[in-house]
Every structure is written in structure tokens, then in C-alpha cells.
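Please look over the sequence and the 3D structure before reading on.

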Amino acid sequence: MSFPALSETDRCPCLSGDTYGHCCRRFHAGTSPAPTAEALMRSRYTAFVTGDADYLVRTWHPSSRPAHVELEPEMTWRRLDILSSVAGSPLDSTGVVTFEAHYRQDGAAGVQRERSTFVREGGRWLYVAGD
């Protein structure tokens, strides 16, 4: 099993309602930083969908960043639900996003629920930790 390749016109997996080319691709390509904590959360989810471990490492705060990230191609991410978002605007320096990410692995459905914290440094949002 492998990760799906997305085209510019595919619906973005983060469920923003936009195409991948007008949504998370620009963040993954490094042509634009995510403007909000929620946008970074959505783009990180999409990176899990597409197997973009490099993006996950790049957007992880140095204080908590692992040396590398190994993704499981057998895990199929199905849907992202943003449950709440506190602060995290372009004018904030911190933000919190609570989400549920639905997946299938080995034929079984699962849900990862997380409350993620983010900081904005040097004009870029970075993932700090989740609980």
C-alpha cells in the first residue's frame, strides 16, 4: 500500500472545501506559510494523508520535534473534524486546535482525538504538542 498522490484539482483532504492546489499544497511546497494555527493543523493532517513526513518535521517546533517521523502507509486517513479553535489568528502568538481525525487500519475504523498547541515564531505557525 502507498500514499495517495494528489493533483492540483483534487479536493483537499483537510475538508476546507477547496482544491488541494488552492489549499494545503502551497504550504507543503513552502511557497506560503500557513496563516493560522487551524490552517497549519489542516495542512499537517493532509501531510499525514499524503505521506509528507518532511513537512511534518519542518512544521514541528524545535523544542518538541522528533529527529524523524515514520508514517504508516497502511493507515488510511478518512476525515478531519475541527471541534474547536482558540486564538491562533495571524495576530496571535499561540493557538489551540481540537480535532478528530478518522482513519482505517487493518480493516478497523478508528478516531484520533487531540488538543494540539501551536506557537507563531518569525511569522510561521509551528506545532508544539498534542494531548
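Is Asp-131 buried or exposed? Asp-131 is exposed, with a relative accessible area of 61%. Here buried means under 20% relative accessible area, exposed means over 50%, and partly exposed lies in between, with a 1.4 Å probe and protein chains only.

## About the model

This is a predicted model: local features need pLDDT of at least 70, side-chain atom pairs count only at pLDDT 80 or more, and totals for chains, interfaces and linings use all residues. Residues are numbered from 1 along each chain as its sequence is written, and side-chain values use heavy atoms, with hydrogens and water left out.

Helices (H or I, at least four residues) and strands (E, at least two) are DSSP runs, numbered from the N terminus.

## Helix 2

Helix 2 covers residues 37-50. It has 14 residues. From first C-alpha to last, helix 2 reaches 20 Å, close to the 20 Å expected at 1.5 Å a residue. That expected span is 1.5 Å times one less than the number of residues. After helix 2 comes Gly-51, with a positive phi near 80°.

Helix 2 is mostly covered, with 12 of its 14 residues buried. Among them are Leu-40, Met-41, Arg-42, Ser-43, Arg-44 and Tyr-45. Ala-47, Val-49 and Thr-50 are also buried. The cover over these buried residues includes helix 1 (25-28) and helix 3 (53-58). It also includes strand 1 (76-87), strand 2 (94-105), strand 3 (108-121) and strand 4 (124-130).

His-28 sits in helix 1. It is buried, with a relative accessible area of 9%. Contact means heavy atoms within 4.5 Å. Leaving aside neighbours within four places in sequence, His-28 is in contact with Tyr-20, Ser-43, Thr-46, Ala-47, Thr-50, Asp-52, Tyr-55 and Arg-58.

Trp-77 belongs to strand 1. At 14% relative accessibility, Trp-77 counts as buried. Its contacts, again leaving aside neighbours within four places in sequence, are Tyr-45, Phe-48, Val-49, Ala-101, His-102, Tyr-103 and Gln-112. The C-alpha atoms of Trp-77 and Ala-109 are separated by 9.8 Å. Those two residues are 32 residues apart along the chain.

## Pockets

Pockets are found on a 1 Å grid over the protein atoms alone: a pocket is an open set of points where a 1.4 Å probe fits, with protein on both sides within 12 Å along at least five of seven lines, and lining residues have an atom within 4 Å of a point. Grid points are joined across faces, edges and corners, and a volume is the space filled by probe spheres set on the points. Ala, Val, Leu, Ile, Met, Phe, Trp, Tyr, Cys and Pro count as nonpolar, Asp, Glu, Lys and Arg as charged, and the others, Gly among them, as polar.

The largest pocket holds about 220 Å³ of space. Its lining has 13 residues. Met-41, Phe-48, Phe-99, Gln-112 and Glu-114 lie nearest its centre. Helix 2, strand 2 and strand 3 each supply at least two lining residues. By class, the lining has nine nonpolar, two polar and two charged residues.

The second largest pocket holds about 190 Å³. Its lining includes Phe-27, Pro-33, Leu-40, Tyr-55, Arg-58, Arg-124 and Trp-125. Helix 3 and strand 4 are the elements that give two or more residues to this lining. The lining divides into six nonpolar, three polar and two charged residues.

## Salt bridges

Side chains of opposite charge can pair when their charged atoms come close. A salt bridge is a side-chain nitrogen of Lys or Arg within 4 Å of a carboxyl oxygen of Asp or Glu. The structure holds five salt bridges. One of them joins Arg-25 and Glu-8, with the closest N and O atoms 2.6 Å apart. This pair links distant parts of the chain, 17 residues apart: Arg-25 is in helix 1, and Glu-8 is in the segment before helix 1. Arg-25 is partly exposed at 36% relative accessible area, and Glu-8 is partly exposed at 39%.

Arg-113 and Glu-100 meet in another salt bridge, at 3.5 Å from N to O. Arg-113 lies in strand 3 and Glu-100 in strand 2, so the pair ties together parts that are 13 residues apart in sequence. Arg-113 is exposed, with a relative accessible area of 56%.

Arg-115 forms a salt bridge with Asp-131, the closest N and O atoms being 4.0 Å apart. Arg-115 lies in strand 3 and Asp-131 in the segment after strand 4, so this pair ties together parts 16 residues apart in sequence. Arg-115 is partly exposed, at 40% relative accessible area.
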